[in-house]
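Please find below a colleague's note on the model, arranged as numbered points. It is intended to be read beside the coordinates.

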Amino acid sequence: MLMKKERELIVEYGKKMLASGLTRGTGGNLSIYDHESELMAISPSGIPYEQTNIEDIVVMNLDGMIVEGTKTPSSEHAMHAIVYKHRKDVGGMIHVHSTFATTVSCLNEELPAIDYLVAFAKGKSVKCAPYASFGTPELAENAVKTMGDQNAVLLSNHGMNCVAHNLQTAFAIAEQLEFCAELYVRARAIGTPVILPGDEMDRMLVRFANYGQK
Ligand SMILES: [Zn+2]
């Protein structure tokens with residue numbers, strides 16, 4: 001079996017994604033890329049996370065060909081593959097439909113530095129990619145272009161993508177940014193949020209640059 005360890009992590013983090021409220025139902029998807037073998041392991045389409053086994057994980061190349069697996073891959077596999085094509089520093093990605101990040105995305109606005117934790121995104125804000133239908137090459141293009149060299153991007157009226165050198169860190173970033181999005185939505189509901197100044201965020205970006213276990 002190809003990428004057994006990676007498959008196990010995807011099964012484990014799929015359950016975590018659901019338990020943490022980062023997504024619901026079969027929404028969202030996760031992947032791990034091995035830059036050496038140039039293979040991507042990705043969650044299957046439409047199988048509940050509680051019922052997903054390592055056999056259900058699909059191994060693909062970045063051209064969208066299934067290398068191993070009998071299930072249909074996530075409908076967003078192209079949105080994952082295009083990130084690994086562009087980013088040599090990325091080894092794991094999570095796409096979620098979390099409530100507060102998606103709420104901000106419904107304004108088609110970026111998530112500003114409401115809290116220093118926004119620096120997890122490797123930028124002073126999390127930008128918002130223009131809308132395109134789910135599963136389309138247009139959405140994949142919009143997401144990767146808008147994210148640039150940052151670690152996260154909102155998808156207009158849809159959700160959020162987070163990336164990192166591994167899946168564990170991508171998941172941790174998603175949790176922190178969802179918390180920031182919740183603060184922002186709640187703060188806007190009761191007043192005008194104070195956004196952290198750029199020089200403070202510059203310091204936070206330096207502090208966060210080496211975040212996570214290598
Ligand atoms: Zn989605």
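The points below go from the overall fold to the sheet, the helices, the core and individual loop residues.

1. Basis of the note. The model is predicted; local features need pLDDT of at least 70, side-chain atom pairs count only at pLDDT 80 or more, and totals for chains, interfaces and linings use all residues. Residues are numbered from 1 along each chain as its sequence is written.

2. Overall architecture. The protein has 6 helices and 8 strands, where helices (H or I, at least four residues) and strands (E, at least two) are DSSP runs numbered from the N terminus. Read from the N terminus, the order of elements is α-β-β-β-β-α-β-α-β-α-β-β-α-α.

3. Dimensions. Along the principal axes, the C-alpha atoms fill a box of roughly 50 × 30 × 30 Å.

4. Burial and contacts. Of the 214 residues, 46% are buried. A residue is buried if 20 or more other C-beta atoms lie within 10 Å of its own, exposed if 12 or fewer, and partly exposed in between, with C-beta atoms placed from the backbone. Among contacts between residues at least 6 apart in sequence, 65% join residues at least 24 apart; a contact requires C-beta atoms, placed from the backbone, to lie within 7 Å.

5. The 8 strands form an open sheet of mixed pairing, in the order 4-3-2-1-5-8-7-6; two strands pair if DSSP finds at least two bridges between them. Strand 4 (66-68) and strand 6 (128-129) are the edge strands, each pairing on one side only.

6. Antiparallel pairings. Strand 3 (residues 58-60) runs antiparallel to strand 4, with 2 bridges between them; Val59 has Glu68 of strand 4 as its bridge partner.

7. Helices on the sheet. Helix 2 (residues 77-86) packs on the sheet and touches strand 1 (29-34), strand 2 (39-42), strand 3, strand 5 (92-96) and strand 8 (159-164); its direction makes about 145° with that of strand 2. Helix 4 (residues 137-147) lies across strand 6, strand 7 (152-155) and strand 8, at about 135° to strand 7. Axes are lines fitted to C-alpha atoms, for helices over the stretch in contact, and angles run from 0 to 180 degrees between N-to-C directions.

8. Helix 5. The end C-alpha atoms of helix 5 (residues 167-190) are 35 Å apart, in agreement with the 34 Å that its 24 residues should span at 1.5 Å a residue; the expected span is 1.5 Å times one less than the number of residues. Its buried residues include Leu167, Phe171, Ile173, Gln176, Glu178 and Tyr184. They are covered by elements including helix 1 (4-19), helix 3 (99-105), strand 1, strand 5, strand 7 and strand 8.

9. The nonpolar core. In the largest nonpolar core, of 63 residues, Ile94, Leu154, Ala170, Ala174 and Leu177 touch the most other members. Helix 5 supplies the largest share of this core, 9 residues. Such a core is a set of buried Ala, Val, Leu, Ile, Met, Phe, Trp, Tyr and Cys residues joined through C-beta atoms within 7 Å. Leaving aside residues up to four places away in sequence, Ala170 touches Gly92, Met93, Ile94, Cys162, Val163 and Ala164.

10. Loop residues with positive phi. Most residues other than glycine have a negative phi. Asn108, in the loop between helix 3 and strand 6, has a positive phi near 55°; Asn108 counts as partly exposed because it has 13 C-beta neighbours inside 10 Å. Lys122 is also found in the loop between helix 3 and strand 6, and its phi is near 65°. Lys122 is buried, since 21 other C-beta atoms lie within 10 Å.

11. Pro48. Where does Pro48 lie? Its place is in the loop between strand 2 and strand 3. Pro48 counts as exposed because it has 11 C-beta neighbours inside 10 Å. The C-alpha atoms of Pro48 and Met17 are separated by 12 Å, the two residues being 31 apart along the chain.

Key:
Two residues are in contact if their C-beta atoms, placed from the backbone, lie within 7 Å.
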